[in-house]
Amino acid sequence: MKISKRRVEYSHLGGNLRLVSMTDEERKELAKQHNTEKWAISPNLYFVEFSSFNRNYRGYGIRNVNGGIEFINPLYMKNPITLDNKGYVFVAHSKDDNNKHCCLFWEFTDYLAYLSIQKKHFLNLPKDCDCFIMSDVRNFIPMVVDTDDYENIYMFFPNNDNGYTIAKTIQNRNSKHVHDCSLLYAANETLHDFVHAYLEEVNK
């Protein structure tokens, strides 16, 4: 892997997949697309560039624990996809390994929505938590195993059959420490949908 001031290149992909750090102006533009503020865009996000079948793609994403990228371009994609290796995303609240609180998200767009709520203060959500983003159902078991030692687990899964099944399974495994937060956005399928609709309304 080659690292420069603004660019990270994965050498095993022949330079095909590139992560580019965001400038302040680029953060502003991305925040505008998501109807939020630039400080609600995670510092763990990168612009992502890659080519496939002689076409070039650019969007943004976040690295997972296995070195893959969770990628989306909201202009032509509804949901993120995984580039390269699959794995859940882990975002530590701090370097302190003793954090006993974590949040679980289905996709990283829900994680960005969570950050936006923290800054806007229009819902009282758990703070100072480590964050896990499942991204793919195949990441469920390793993610759940790695969250077993947390004293409080806050779930932000979709209000659909998949989300209900995942949430119920985690509750059955660790019922005393799990909190289902999906009721906070019960009128919407995902936390991201809820935040986008709310901010769109208040910013009219």
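Before anything else, my contact rule: two residues touch when they have heavy atoms within 4.5 Å. Helices (H or I, at least four residues) and strands (E, at least two) are DSSP runs, which I number from the N terminus. I note that this is a predicted model, so local features need pLDDT of at least 70 and side-chain atom pairs count only at pLDDT 80 or more, while totals for chains, interfaces and linings use all residues. Residues are numbered from 1 along each chain as its sequence is written, and side-chain values use heavy atoms, with hydrogens and water left out.

**Overview.** I find five helices and twelve strands in the protein. I call a residue buried under 20% relative accessible area, exposed over 50% and partly exposed in between (1.4 Å probe, protein chains only). By that rule 48% of the 204 residues are buried. Of the contacts with a separation of 6 or more, 58% are between residues 24 or more positions apart.

**The sheet.** I looked up the strand order: it is β8-β10-β9-β11-β12, an open sheet of five strands with mixed pairing. Which strands stand at the edges? They are β8 (89-91) and β12 (178-180); each has a single partner strand, so one side of each lacks a neighbour in the sheet. Pairing here takes at least two bridges found by DSSP between two strands. On average, neighbouring strands of the sheet are turned by 20° against each other, direction ignored. Phe105 has Phe156 in β11 as its bridge partner.

**Helix α4.** Helix α4 (residues 161-173) lies across β9, β11 and β12, and runs at about 155° to β12.

Which residues of α4 are buried? I get Gly163, Ile166, Ala167 and Ile170. They cover an arc of only 95° around the axis, so they sit on the same side of α4; the arc is taken from the directions from the helix axis to the C-beta atoms.

**Loops.** Most residues other than glycine have a negative phi. I noted two with a positive one. Asp84, in the loop between β7 (81-83) and β8, has phi near 70°, and at 33% relative accessibility counts as partly exposed. Ser135, in the loop between β10 (130-133) and α3, also has phi near 70°, but at 17% relative accessibility Ser135 counts as buried.

Last entry: Thr147, in the loop between α3 and β11. Buried or exposed? At 3% relative accessibility, Thr147 is buried. Leaving out residues up to four places away in sequence, Thr147 touches Cys102, Leu104, Phe132 and Ile153.

Terms used: Axes fitted to C-alpha atoms, helices over the stretch in contact; angles between N-to-C directions.
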